[in-house]
Amino acid sequence: MPTITIELSDEQLEKIKETLNYNGTLDLEGETFNGSSIEIDLLPFTHMMTVKGYKEEFIGDVTVKIPEK
């Protein structure tokens, strides 16, 4: 099964966890992610990510790797 990889900084991962966090912890254990979304804009020179959970957070520039096969 092919895998699409998104590379993030530690700070970006922390922002994602904070945004998706409905239960008060950053481990995301027990989260259902109901109503949450991750949006990646694949632009010609950059890839930008926005995460929507209990709030909307612009994550910024990320690296997206899509396998050729």
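This note sets out points on the salt bridges, strand pairing and nonpolar surface of a predicted model.

1. Basis. The model is predicted, so local features need pLDDT of at least 70 and side-chain atom pairs count only at pLDDT 80 or more, whereas totals for chains, interfaces and linings use all residues. Residues are numbered from 1 along each chain as its sequence is written, and side-chain values use heavy atoms, with hydrogens and water left out.

2. Salt bridges. A salt bridge is taken as a side-chain nitrogen of Lys or Arg within 4 Å of a carboxyl oxygen of Asp or Glu. The count by this rule is three.

3. Lysine 65 and glutamate 7. These residues form a salt bridge in which the closest N and O atoms are 2.7 Å apart. The pair links distant parts of the chain, with lysine 65 in strand β4 (residues 56-65) and glutamate 7 in strand β1 (residues 5-7), 58 residues apart. Helices (H or I, at least four residues) and strands (E, at least two) are DSSP runs numbered from the N terminus. Lysine 65 counts as partly exposed because its relative accessibility is 43%, and glutamate 7 is likewise partly exposed, at 36%. The classes are buried (under 20% relative accessible area), exposed (over 50%) and partly exposed in between, with a 1.4 Å probe and protein chains only.

4. The side chain of glutamate 57 meets that of lysine 15 in a salt bridge (3.7 Å, N to O). This pair also joins distant parts of the chain: glutamate 57 is in strand β4 and lysine 15 in helix α1 (residues 10-20), 42 residues apart. Lysine 55 forms a salt bridge with glutamate 57 too, its closest N and O atoms being 3.7 Å apart. Lysine 55 is partly exposed, at 32% relative accessibility. Through shared partners, Lys15, Lys55 and Glu57 are joined into one network.

5. The β2-β3 hairpin. Strands β2 (residues 37-42) and β3 (residues 47-52) pair in the antiparallel sense over six bridges; pairing requires at least two DSSP bridges between two strands. Four residues lie between β2 and β3 in this hairpin. Isoleucine 38 stands opposite valine 51 in β3.

6. Nonpolar surface. Ile4, Leu42 and Ile66 make a nonpolar surface patch of about 320 Å². Patches comprise residues with over 30% relative accessible area and no salt bridge; like charges are joined within 9 Å, and nonpolar side chains (Val, Leu, Ile, Met, Phe, Trp, Tyr) within 5 Å. Isoleucine 4 lies in the segment before β1 and counts as exposed, at 57% relative accessibility.

Note on methods: Areas by Shrake-Rupley, 256 points an atom, 1.4 Å probe, with all protein chains shown as cover.
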